Amino acid sequence: MRVTVVAPEPETDLAALPVAGPYTAPDGRQDLIAIAKDVGAELVQARAVAVDAHRHRVHLDGGRALAYDVLVLAVGASPRHTIDRALTLYGDPGRIAVDRVLAERAPVIDFVNPPGITRALALYELAIHTGDEARARGLDIALRLVTPERAPLSAFGERTTLAVGRLLDAAGVAFEGGSSVFEGIDGLLRVNDAATILLDARTVALPVLDGPSLPGVPATAAGFIPVDAHGAVPGLADVYAVGDATACPLKHVDVAAAQAATVADVLAARAGVTVTPTPWTATVHEHQLAEHGLGDLVLAHDCTPDATAILRVIADDGPRSVSQS
């Protein structure tokens, strides 16, 4: 098997790890040159910009194209700042994040989960640890978690919701569900309608994640790539996708790793290795709430695509002048 790795930078940052990872998280950067050398792969420093599945080619920036037998897309998602006045956390390790949240000694701190795809679990971890730290320091602070969810981490089912609700209560964090926060033209933060305004609070928010919207690849309305239980992209032969780029709403390093392991087994089986690929599951094993007694967190619904769902394919418009290799 000949492996080619395409990446825009010689290093990669495991963005899913520092935000929701251990509060003593190590540096998430990985040297792709060293990894490629270790496994005998070729590293091409470029960015994938489109896929021509009919011709089995992936187009790269700069006009080059690579032919493939099998393509694995791990192109990630793009974080987007949505609230100008908020402290938006893109990837601080937990201890640093808590210190930044408490730095201004604000009397009220709002943890805001904006509408859209986010790393919601990271916000709950941060809110609970901030509450624990505020109590340890003897600080008199009102903490609120504001989210469109109707119940705490409701995507993980009723048992998790009840357990996380108890943790929020113990940490002194008030839960305000069914609440979508937006910033008005006057700079004030409003909840659901213009009448409800968040005042006198330090606001901490997550970025919203946008899908890659890669031309030639099926996508959801938000630009994410649907995959089946073995990582295959429906409608495209020999194309797989893993990680934050996929349509699974749970964005976490554990999910990305499970998808990657499944796809690796699928490719090994295709190459003749005796292995039975195990379908991936949307499960988080490593999380900060575990130290409070929670076990694995499993998404309560199946996030593989419905075969009857209407998926859009972004058109790859216009002729391309490419060199092939």
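Trainee: Leaving aside neighbours within four places in sequence, which residues is Thr-203 in contact with?

Mentor: Thr-203 is in contact with Arg-85, Ala-86, Leu-87, Asp-110, Val-112 and Leu-189. Contact means heavy atoms within 4.5 Å. This is a predicted model, in which local features need pLDDT of at least 70 and side-chain atom pairs count only at pLDDT 80 or more, while totals for chains, interfaces and linings use all residues. Residues are numbered from 1 along each chain as its sequence is written, and side-chain values use heavy atoms, with hydrogens and water left out.

Trainee: What makes Thr-203 count as buried or exposed?

Mentor: Its relative accessible area is 3%. Buried means under 20%, exposed over 50%, and partly exposed in between, with a 1.4 Å probe and protein chains only. Thr-203 is therefore buried. The residue sits in strand S17, residues 202-205. Strands are DSSP runs of E with at least two residues, helices are runs of H or I with at least four, and both are numbered from the N terminus.

Trainee: How many helices and strands does the protein chain have, and what share of its residues is buried?

Mentor: The chain has six helices and 24 strands. Of its 325 residues, 45% are buried. Among contacts between residues at least 6 apart in sequence, 65% join residues at least 24 apart.

Trainee: Where is Thr-246 found, and why is it called buried or exposed?

Mentor: Thr-246 is in the loop between strand S20 (239-241) and helix H6 (253-270). Its relative accessibility is 0%, so Thr-246 counts as buried. Beyond four places in sequence, Thr-246 touches Phe-224, Ile-225, Val-227, Ala-241, Lys-251 and Gln-259.

Trainee: What joins the side chains of Thr-246 and Gln-259?

Mentor: A polar contact of 3.2 Å joins them. The term needs a pair of N or O atoms within 3.5 Å; within protein, one must be able to donate a hydrogen and the other to accept it, and residues adjacent in sequence count only if both atoms are side-chain atoms.

Trainee: Which backbone nitrogen does the side chain of Thr-262 reach?

Mentor: The side chain of Thr-262 reaches the backbone nitrogen of Trp-280 at 3.3 Å. Thr-262 is in helix H6, and at 3% relative accessibility it counts as buried. The residues that Thr-262 touches, not counting those up to four places away, include Ala-229, His-230, Pro-277 and Trp-280.

Trainee: What makes Gly-231 buried or exposed, and which residues is it in contact with?

Mentor: At 0% relative accessibility, Gly-231 counts as buried. Leaving aside neighbours within four places, Gly-231 is in contact with Val-239, Tyr-240, Ala-241, Val-263 and Trp-280. Gly-231 lies in the loop between S19 and S20. From C-alpha to C-alpha, Gly-231 and Ala-241 are 5.7 Å apart, and 10 residues apart in sequence.

Trainee: What is the phi of Asp-238, and how does its relative accessible area class it?

Mentor: Asp-238 has a positive phi of about 65 degrees although it is not a glycine. Most residues other than glycine have a negative phi. The relative accessible area of Asp-238 is 24%, so it is partly exposed. Asp-238 is in the loop between strand S19 (218-219) and S20. His-56 is also not a glycine, and has a positive phi of about 55 degrees. His-56 lies in the loop between strand S5 (48-52) and strand S6 (57-60).

Trainee: How many residues line the second largest pocket, and how do they divide by class?

Mentor: Its lining has 20 residues, with Thr-118, Ala-120, Glu-149, Ala-155 and Pro-249 nearest the centre. On a 1 Å grid over the protein atoms alone, a pocket is an open set of points where a 1.4 Å probe fits, with protein on both sides within 12 Å along at least five of seven lines; lining residues have an atom within 4 Å of a point. By class, 12 are nonpolar, five polar and three charged. Ala, Val, Leu, Ile, Met, Phe, Trp, Tyr, Cys and Pro count as nonpolar, Asp, Glu, Lys and Arg as charged, and the others, Gly among them, as polar.
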